[in-house]
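Me: I have a structure open and would like to go through it piece by piece. Can you help me read it?
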Amino acid sequence: MSILDRFIRAKAFDRDEDSLAKTSEQSQDLVIVPMRRAHIRKIMPIEQQVYPRPWTAQVFVEELEQVRVGKRHYLVGTIGDELVGYGGLLYVENDAHVTNLAVHPMWRSRGIATELLLDLAWEANRRGCEAMTLEVRHTNVAAQQVYRRFGFVPAGVRKKYYENRDDAIVMWCAGVQQPEFVEQLRRIELDRI
Ligand SMILES: CC(C)(COP(=O)(O)OP(=O)(O)OC[C@H]1O[C@@H](n2cnc3c(N)ncnc32)[C@H](O)[C@@H]1OP(=O)(O)O)[C@@H](O)C(=O)NCCC(=O)NCCS
């Protein structure tokens with residue numbers, strides 16, 4: 001499947017009461033596209049709402065500069081005019097590290113994080129990465145569930161990683177080039193139909 005095929009792939013979502021007014025005239029399909037600077041304005045309210053220590057707009061600008069030189073990969077998910085989620089990868093040698101994955105609270109539990117992570121995982125596979133890694137707050141059950149589905153397993157703990165208080169669980173997904181990983185991504189894709 002080409003990168004373009006994946007970017008034009010769309011998924012229909014049930015209408016959400018609160019967003020109905022805003023998007024009633026628009027498509028309810030999730031569209032995943034590469035993050036651009038113009039998206040940052042819409043990303044920031046989500047970032048500030050979902051993280052105790054949010055990235056600044058400047059961090060996103062700098063991350064996008066790294067995309068231009070092939071060291072990062074960032075995506076956003078949109079439904080109509082609304083930016084509903086985003087995520088990204090940092091490449092370290094043969095690993096792809098998930099730097100960020102967030103979904104607007106109003107659009108949770110609809111599989112949007114799963115869709116974003118699918119695209120990131122395919123990208124890591126296409127790029128030839130051997131493994132994917134990330135850190136997740138030990139209390140963040142929702143995110144850990146999303147990651148486990150892709151084959152991430154706990155691989156260690158970074159003590160007091162967040163705000164010098166909460167531990168981070170390091171999660172690791174090996175075998176990104178293995179057929180089993182590709183099969184798992186296909187299974188996740190099939191599950192959503
Ligand atoms: C983690 C996060 C990105 C998940 O986004 P999402 O779009 O709601 O996730 P999905 O709908 O793709 O969920 C996929 C699976 O994760 C699990 N899951 C999602 N939310 C959950 C919750 N609140 N509690 C338990 N499991 C949950 C479920 O197994 C779900 O599958 P199901 O819907 O078939 O039951 C979102 O909660 C978020 O933005 N959190 C704040 C930012 C953050 O913590 N990011 C992770 C940084 S490491």
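Reply: Start with a definition: a residue is buried if 20 or more other C-beta atoms lie within 10 Å of its own, exposed if 12 or fewer, and partly exposed in between. Note also that this is a predicted model.

Me: OK, so how does Leu90 count, buried, exposed or partly exposed?
Reply: Leu90 counts as partly exposed, because it has 18 C-beta neighbours inside 10 Å.

Me: Which strand does Leu90 lie in?
Reply: Leu90 belongs to strand β4, residues 82-92.

Me: And what is Leu90 in contact with, leaving aside its neighbours within four places in sequence?
Reply: Lys71, Arg72, His97 and Thr99.

Me: How do β3 and β4 run, parallel or antiparallel?
Reply: They run antiparallel, and eight bridges join β3 (residues 72-79) to β4.

Me: Switching to helices. Which residues of α3 are buried?
Reply: Ile40, Ile43 and Ile46, in a helix that spans residues 40-50. They cover an arc of only 120° around the axis, so they sit on the same side of α3.

Me: Why would residues spaced like that point the same way?
Reply: An α-helix has 3.6 residues a turn, so residues three or four places apart point the same way.

Me: What covers the buried residues of α3, and what is on the face turned away?
Reply: The cover includes α4 (57-68), β4 and β5. The face turned away from the buried side carries the exposed residues Arg41, Pro45, Gln48 and Gln49.

Me: Now the nonpolar core. How many residues has the largest one?
Reply: It has 43 residues, and those with the most contacts inside it are Leu75, Leu116, Leu117, Leu120, Ala124 and Met132. Helix α5 gives the most to this core, with eight residues.

Me: Take Leu117, then. What is it in contact with, beyond four places in sequence?
Reply: Leu117 is in contact with Gly87, Leu101, Val146 and Phe150.

Me: And Glu123, where is that found?
Reply: Glu123 is in helix α5. It is partly exposed because 18 other C-beta atoms lie within 10 Å. Leaving aside neighbours within four places in sequence, Glu123 is in contact with His73 and Leu89.

Me: Last topic, the ligand. Which residues come nearest?
Reply: Of the 19 residues around the ligand, Arg108, Ala113, Thr114, Ala142 and Gln145 come nearest. By class, the shell has 12 nonpolar, five polar and two charged residues.

Me: Which element gives the most to that shell?
Reply: α6 does, with five residues. The elements that each supply at least two residues are β5 (95-103), α5 (112-127), β6 (131-137) and α6 (141-149).

Me: And the chain overall, how many helices and strands?
Reply: Seven helices and eight strands. The protein chain has 193 residues, and buried ones make up 28% of them.

Technical notes: Residues are numbered from 1 along each chain as its sequence is written. This is a predicted model: local features need pLDDT of at least 70, side-chain atom pairs count only at pLDDT 80 or more; totals for chains, interfaces and linings use all residues. A residue is near a molecule or strand if its C-beta atom, placed from the backbone, lies within 6 Å of it. Helices (H or I, at least four residues) and strands (E, at least two) are DSSP runs, numbered from the N terminus. Ala, Val, Leu, Ile, Met, Phe, Trp, Tyr, Cys and Pro count as nonpolar, Asp, Glu, Lys and Arg as charged, and the others, Gly among them, as polar. A nonpolar core is a set of buried Ala, Val, Leu, Ile, Met, Phe, Trp, Tyr and Cys residues joined through C-beta atoms within 7 Å. Two residues are in contact if their C-beta atoms, placed from the backbone, lie within 7 Å. The arc is that of the directions from the helix axis to the C-beta atoms. Two strands pair if DSSP finds at least two bridges between them.
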